[in-house]
Amino acid sequence: MPESAAALLERARRPVSLSGAGLSAESGIPTFRDQLGGGLWSQYDPAQLATPQGFSRDPKLVTEWYRWRRKLVADAEPNAGHHALAACAEMVHVTQNVDDLLERAGARNILHLHGVLGRDRCIGGCGFTEAIDMAEPPPLRACPRCGKWLRPGVVWFGETLPTDAWTAAVSACSACEALLVVGTSATVYPAADLIRVAKQAGAKILVVNTATSEASHLADVELIGPAGELLPKILSWAL
Ligand code: BJW
């Protein structure tokens, strides 16, 4: 099985990866929906912490939760899965992850569908945005331009995805011969729809996950196991 996945990816001229929280799990970053190993949504309420309404209700609580997660990412290192993906120079990396571990592994061509933890932006319409130090993330603070609250630069439930990243992701998935789907439950839309977009355009779908997922029924090749072990094997030609 890993051999056929490797051959499909090596042959592809415009390979694309679509990653989720499972890619960073072996770096010590918690996933959202894993029951075993403490997915975030088994301990915390997404409506309270990952919606604009939750932020309006208690901006300090949400900011403190993101400060904790930002410090976790700052202390983490890219794992073998990130490095294997980064070694594929031609690959477009569409990721739902808000961490910077692909960047730190040296990957280029990264499209962050759900934003990034490394920036804050104003909740008002003034357009202010600022890079933050994830090792020492700031507490809740007001926008220096308009005085409204600053919030993490991520995409919460009910919010639209960044237009540039989404448009580029649809375009890459429509044109690829192989889509490598890594470490995502494929339950969150519209990101999960990219698998169907690629499949309908004729791409082979390769799924790497420790368990079956909503991507399983679309997979041409499904490899069950940790991304940090499987990706260096199936991408060994690039390493
Ligand atoms: C391993 C591993 C290892 C573990 N190796 N594998 C159509 C139908 C139904 C609902 C909707 C729909 N369209 C839109 C919606 C609503 C909603 C949605 O999808 N809800 C579903 C949950 C039902 N979507 C939205 O609201 C989106 N916006 C939108 O659609 O805008 C248009 C609109 C506007 C207004 C009204 C209506 C529509 C926005 C979604 C934003 C998601 N945001 C989050 C938080 C980001 C910030 C943060 O990090 O705090 O993004 S939620 C969370 O889920 C995060 C993730 O990126 C995302 C996906 O999760 P992911 O990455 O798949 O992680 P898990 O935990 O689910 O899975 C991990 C997988 O890894 C598992 O399968 C493990 O087995 C595996 N694994 N270890 C390999 N070592």
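I call a polar contact a pair of N or O atoms within 3.5 Å; within protein, one must be able to donate a hydrogen and the other to accept it, and residues adjacent in sequence count only if both atoms are side-chain atoms. This is a predicted model, so local features need pLDDT of at least 70 and side-chain atom pairs pLDDT 80 or more, while totals for chains, interfaces and linings use all residues. Residues are numbered from 1 along each chain as its sequence is written, and side-chain values use heavy atoms, with hydrogens and water left out.

Entry 1, the ligand. I looked up a nitrogen atom of the ligand and found a backbone N or O atom of Glu-159 at 2.7 Å. A polar backbone atom of Gly-158 is 2.7 Å from a ligand oxygen atom. For Arg-33, a polar side-chain atom lies 2.7 Å from an oxygen atom of the ligand. How much of the ligand does the protein bury? It buries 75% of the 1500 Å² that the ligand exposes taken alone (Shrake-Rupley accessible areas, 1.4 Å probe).

I count a residue as near if one of its heavy atoms lies within 4 Å. Of the 35 residues around the ligand, Tyr-66, Arg-69, Thr-184, Ser-185 and Asn-209 come nearest. I get 16 nonpolar, 14 polar and 5 charged residues in this shell (Ala, Val, Leu, Ile, Met, Phe, Trp, Tyr, Cys and Pro are nonpolar, Asp, Glu, Lys and Arg charged, the others, Gly among them, polar).

The lining of the second largest pocket divides into 4 nonpolar, 5 polar and 3 charged residues.
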